[in-house]
2 protein chains.
Amino acid sequence: MADELFRALADPTRRRILDELAERGGQSLFEICTRLVTKHGLGLSRQAVSQHLAVLEAADLVRTRREGRYKFHDLHAQPLEHIVTRWLRPSPPEDTP
Amino acid sequence: MADELFRALADPTRRRILDELAERGGQSLFEICTRLVTKHGLGLSRQAVSQHLAVLEAADLVRTRREGRYKFHDLHAQPLEHIVTRWLRPSPPEDTP
DNA sequence: TTGATAGGCAAGCCGCGACTTGCCTATGGT
DNA sequence: ACCATAGGCAAGTCGCGGCTTGCCTATCAA
C-alpha cells in the first residue's frame with residue numbers, strides 16, 4: 001500500500017497530473033492530456049497519461065467516476081497523510097515491501 | 001529538488017533507513033547496515049546501503065557529520081513538509097469511505 | 001447504421017536505477 | 001610500522017518502469 005503510494009509519487013509527470021487535478025477536479029483523460037501538453041509543455045501520448053492515471057488510482061491518490069463514455073478523475077490527497085505521520089511525527093514504521 | 005526528494009522516497013529500503021534513523025539518530029554506515037540485516041531481515045551489501053544514503057543525502061533527508069574515520073547520519077524530515085504544502089494544504093480534507 | 005469520440009488492452013523497446021564486485025584511500029589501535 | 005576498520009569510487013549486470021504502437025470495445029450523434 002505504502003509501496004504504491006511512493007511509487008506513484010516518484011514520477012514527475014504524475015505529480016504534474018496531481019497538480020492539475022488539485023487546481024481543477026473532475027477532468028477526463030483527454031482534458032488532462034491536452035492540459036499537460038499545452039500548459040506544461042509536456043509531449044506525451046494519450047496512453048502514457050492513461051497509464052499514469054492507472055498508477056495514481058492504484059495508489060488511491062486519484063478517484064474516478066464513470067458517466068456514459070466519460071471517466072472523470074478527482075484528486076484524493078488523504079493517503080499523503082501517512083507520509084506526515086510516519087516521519088514528521090514519530091510513529092512505528094509500517095511498510096511491507 | 002523535489003525530484004530528488006520523491007526519487008529518494010520511492011525505494012522501500014531507503015524508507016527503512018529513514019525509519020531506522022528516526023528511531024535512533026547518529027548511526028554510522030555499518031550500524032545502519034547491520035541493523036537493516038538483523039532487525040529488518042534485509043540482505044544487502046555495505047555498498048548498497050552507502051548508495052542509498054547518498055541518495056537520501058542528495059534529497060536532504062539525511063544530514064551527515066564526520067568524526068575521525070566515522071560518518072554519522074541523522075534524519076532531516078523537514079523537506080517532507082513540501083509534500084504537505086503542495087497537495088494537502090491547498091485542498092481541505094475530504095470524505096473517507 | 002454509420003462514423004466519430006472516449007477509453008482500454010497487450011506486446012515491445014529502451015533507459016534508468018538497484019545491486020554487486022573489485023580495488024582504492026584514510027584513520028586509529030597495538 | 002603494521003594491520004584492521006570505516007568508507008569511497010568505478011565499471012558492469014539485470015530487471016523494472018515509462019512510453020510507444022497497433023488494435024479493440026463502448027457510447028453517443030447524425
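Guide: Welcome! Local features in this predicted model need pLDDT of at least 70, side-chain atom pairs count only at pLDDT 80 or more, and totals for chains, interfaces and linings use all residues. Residues are numbered from 1 along each chain as its sequence is written, chains are lettered from A and ligands numbered from 1 in the order in which they are written, and side-chain values use heavy atoms, with hydrogens and water left out.

Visitor: What makes a residue count as surrounding DNA strand D?

Guide: A residue is near a strand if one of its heavy atoms lies within 4 Å of it. For DNA strand D there are 20 such residues, and R14(A), S45(A), Q51(A), H52(A) and F30(B) are the closest.

Visitor: Why is the pair formed by Q51(A) and a base oxygen of DNA strand D called a polar contact?

Guide: A polar contact is a pair of N or O atoms within 3.5 Å; within protein, one must also be able to donate a hydrogen and the other to accept it, and residues adjacent in sequence count only if both atoms are side-chain atoms. A polar side-chain atom of Q51(A) is 3.0 Å from that base oxygen, so the pair qualifies. R69(B) also reaches a base oxygen, with a side-chain N or O atom at 3.1 Å. L29(B) instead uses a polar backbone atom, 3.4 Å from a phosphate oxygen.

Visitor: What makes residues of chain B and chain A count as being in contact?

Guide: Contact means heavy atoms within 4.5 Å. By that rule, 25 residues of chain B meet 26 residues of chain A.

Visitor: And why is the area between chain B and chain A called buried?

Guide: Because buried area is the accessible area (1.4 Å probe) that two parts lose on being put together, summed over both. Chain B and chain A bury about 2300 Å², with 63% of it on carbon and sulfur atoms. On chain B's side, R15(B), W87(B) and L88(B) supply 28% of the area buried against chain A, more than any other three residues.
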